[in-house]
Amino acid sequence: MTLEEFEAKFGESTDPADLDRANCTRGGTCGHSQCGLCEHGTPKFLKCEPCKADLAKYAEQLAALREAARFTDAHHVKAPRGR
Ligand SMILES: [Zn+2]
Ligand SMILES: [Zn+2]
């Protein structure tokens, strides 16, 4: 995106690196964890409300899955040793 697009969407940029980070295509790789855009088109280093809501939902689902897995996880069942 251009600086104009960036500022129109996310307000005035105070750091010239903001635009670089938003346009960086190596987001998520080593040293670029805050680079790129999230699925909502918000730069990763900015707060994205839909992302935060998604994360909360995901954490809830994960907790429920973990709870269910406690009873089905094969590692919790000790196999009998045959001699
Ligand atoms: Zn980067
Ligand atoms: Zn988002």
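Mentor: Welcome! A residue is buried if 20 or more other C-beta atoms lie within 10 Å of its own, exposed if 12 or fewer, and partly exposed in between, with C-beta atoms placed from the backbone. This is a predicted model, where local features need pLDDT of at least 70, side-chain atom pairs count only at pLDDT 80 or more, and totals for chains, interfaces and linings use all residues. Residues are numbered from 1 along each chain as its sequence is written, and chains are lettered from A and ligands numbered from 1 in the order in which they are written.

Trainee: What share of the 83 residues of the protein chain counts as buried?

Mentor: Use the cut-off of 20 or more neighbours that we began with. Over the 83 residues of the protein chain, the buried share is 2%.

Trainee: In what order do the elements of the protein chain run from the N terminus?

Mentor: Helices (H or I, at least four residues) and strands (E, at least two) are DSSP runs, numbered from the N terminus. The protein chain has three helices and zero strands. Read from the N terminus, the order is α-α-α.

Trainee: What is the radius of gyration of the protein chain?

Mentor: This radius is taken over C-alpha atoms, and the globule rule is 2.2 Å times the number of residues to the power 0.38. For 83 residues the rule gives 12 Å, and the protein chain is well over that, so it is more spread out than a compact globule: its radius of gyration is 21 Å. Along the principal axes, the C-alpha trace spans about 70 × 25 × 15 Å. The radius asked for is 21 Å.

Trainee: How many residues of helix 3 are buried?

Mentor: Helix 3 covers residues 49–69, and it reaches 30 Å from its first C-alpha to its last. Helix 3 is hardly covered, and among its 21 residues the buried count is zero.

Trainee: Is Leu-62 buried or exposed?

Mentor: Leu-62 sits in helix 3. Its C-alpha atom is 18 Å from that of Pro-50, twelve residues apart along the chain. Because Leu-62 has 10 C-beta neighbours inside 10 Å, it counts as exposed.

Trainee: How many other C-beta atoms lie within 10 Å of Ala-69?

Mentor: Ala-69 is also found in helix 3. The residue is exposed, and its count of other C-beta atoms within 10 Å is 11.

Trainee: In which helix is confidence highest?

Mentor: Confidence here is pLDDT, the predictor's confidence in each residue, from 0 to 100. The protein chain averages 89, and 93% of the residues score at least 70. Helix 3 has the lowest mean, 93, while the highest, 95, belongs to helix 2.

Terms used: Expected span 1.5 Å × (residues − 1).
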